Protein chains: 2
Amino acid sequence: MSEAKLFILSGPSGVGKGTIVSEVLKEDPGIHLSVSATTRSPRKGEVPGVSYYFMEDAQFRSEIRAGGFLEYADVHGHFYGTPKAPVMEKLAEGKDVILEIDVQGAMKVRETYPDGVFIFILPPSLHELRRRIEERGTESREDIELRLGKAVSEMNYLDRYEYYVVNEDLQGAVADVRAIMRAERCRVRKAEDILKKIEEES
Amino acid sequence: MSEAKLFILSGPSGVGKGTIVSEVLKEDPGIHLSVSATTRSPRKGEVPGVSYYFMEDAQFRSEIRAGGFLEYADVHGHFYGTPKAPVMEKLAEGKDVILEIDVQGAMKVRETYPDGVFIFILPPSLHELRRRIEERGTESREDIELRLGKAVSEMNYLDRYEYYVVNEDLQGAVADVRAIMRAERCRVRKAEDILKKIEEES
């Protein structure tokens, strides 16, 4: 009945965005997950079109010029971006789309696609975020401090988002995201279209 | 973590508002249902403070002057209204409050309490609404036509609501209302308060 929507899930790294997204998709396979494009080489085990769309540098640049990305960035000499066409196709089919992305990327999507629903995933506390990053055990002291500093500065963008979800326990966070997606389908945007549908079916 | 909210459920008579509200309360007894006040006499089986707050005419008028109602109306010589104090108390305790009310009443609440979340319950079709009203079997042909005409004119207020829920099947409508209530708790209203909480707990 109502339009499908693009849901942008973002937040600091280490906050558990990816796990929440996997669970949401597991519970509702009708949702489409946006796949990023990149110019870096595929790594072992990565599946083209699933992990990433792998592109040549020239092709990526030509897509940029054609306005083919909702957002893109140059990270250490490689491009990463969110191709616009697959997102628009799924929305046109009436499928909700999830885009998992960092805060900088989300802020760019706000400019190219302001109709998106922006959800910020927060840690229950900074202490807990530190614990989660340390638990991964792959990073040096300095890297951990850098990451935490970045997380705090990213959290200042919270007021640019419509919703926030505190990832205290995974099931609660997943239920929050699913409730937001369901509630957004109930929002009155074009009242006349809703009423026309009800009158037509009479 | 976030503020509790007043949810106004309204829509044409016959649409099934009351049944939806009962189910929502059954699933989540933590929600408070607003009880109306009236100056009419209690009917058999009605429990004061549960069915209605029963008031004397003079008391009701004095409450009106004191700004004690979120809305009130004079219906065939009896007053009906929504007392403000119990709603504000429950909200202050962090409890969500549901107010089930007709469209005219909801429009008055919008003026006195614009922070409410307004949900319009719609029938799947006008044909189905007619069927539901006829099924009750208590009304004459003319009364049914009057009611349907009123329903159609009330539906034109849909664009003054934030959300709509189509009561096609009861369980789906209840799930929609519960999702809206859960999602509203995730809305970013005062970003600084949310962040302060996360920093404090560190």
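The largest pocket of this predicted model has a volume of about 1,300 Å³. Of the 39 residues that line this pocket, B:Tyr52, B:Tyr80, B:Glu100, B:Ile101 and B:Asp102 are the closest to its centre. A pocket here is an open set of points, on a 1 Å grid over the protein atoms alone, with protein on both sides within 12 Å along at least five of seven lines, and a lining residue has an atom within 4 Å of a point. Grid points are joined across faces, edges and corners, and a volume is the space filled by probe spheres set on the points.

Several elements of chain B, among them helix H1 (17-27), strand S7 (97-101) and helix H6 (141-155), each supply at least two residues of the lining of the largest pocket. H1(B) gives the most, with five residues. Helices (H or I, at least four residues) and strands (E, at least two) are DSSP runs, numbered from the N terminus.

The second largest pocket holds about 1,100 Å³ of space. It is lined by 37 residues, and those closest to its centre are A:Tyr52, A:Tyr80, A:Glu100, A:Ile101 and A:Asp102. In chain A, the elements that each supply at least two residues of this lining include strand S5 (69-75), strand S6 (78-83) and helix H4 (103-112).

The linings divide by class as follows, where Ala, Val, Leu, Ile, Met, Phe, Trp, Tyr, Cys and Pro count as nonpolar, Asp, Glu, Lys and Arg as charged, and the others, Gly among them, as polar.

| Lining | Nonpolar | Polar | Charged |
|---|---|---|---|
| Largest cavity | five residues | two residues | no residues |

A cavity is a set of grid points where a 1.4 Å probe fits but cannot get out. The structure holds one cavity of 30 Å³ or more, and about 30 Å³ of space lies in the largest cavity. Its lining consists of B:His32, B:Leu33, B:Ser34, B:Val35, B:Tyr53, B:Pro83 and B:Pro86.

Turning to the interface, 36 residues of chain A are in contact (heavy atoms within 4.5 Å) with 37 residues of chain B. The area buried between the two chains is about 3,200 Å², and carbon and sulfur atoms give 68% of that area. Buried area is the accessible area (1.4 Å probe) that two parts lose on being put together, summed over both. In chain A, A:Tyr164, A:Cys186 and A:Ile198 lose the most area to chain B, together 20% of what that side buries.

The rule finds two salt bridges across the interface of chain A and chain B, a salt bridge being a side-chain nitrogen of Lys or Arg within 4 Å of a carboxyl oxygen of Asp or Glu. B:Arg182 forms a salt bridge with A:Asp176, with the closest N and O atoms 2.6 Å apart. On the side of chain A that touches chain B, helix H5 (126-136), strand S9 (163-166), helix H7 (170-184) and helix H8 (191-200) of chain A give two or more residues. The largest share comes from H7(A), with seven residues. By class, that side has 22 nonpolar, six polar and eight charged residues.

Over all chains the count comes to 37 salt bridges. A:Lys150 forms a salt bridge with A:Glu154, the closest N and O atoms being 3.6 Å apart. These two residues, A:Lys150 and A:Glu154, are separated by about one helical turn because they lie four residues apart in helix H6 of chain A.

Residues are numbered from 1 along each chain as its sequence is written, and chains are lettered from A and ligands numbered from 1 in the order in which they are written. In this predicted model local features need pLDDT of at least 70, side-chain atom pairs count only at pLDDT 80 or more, and totals for chains, interfaces and linings use all residues, while side-chain values use heavy atoms, with hydrogens and water left out.
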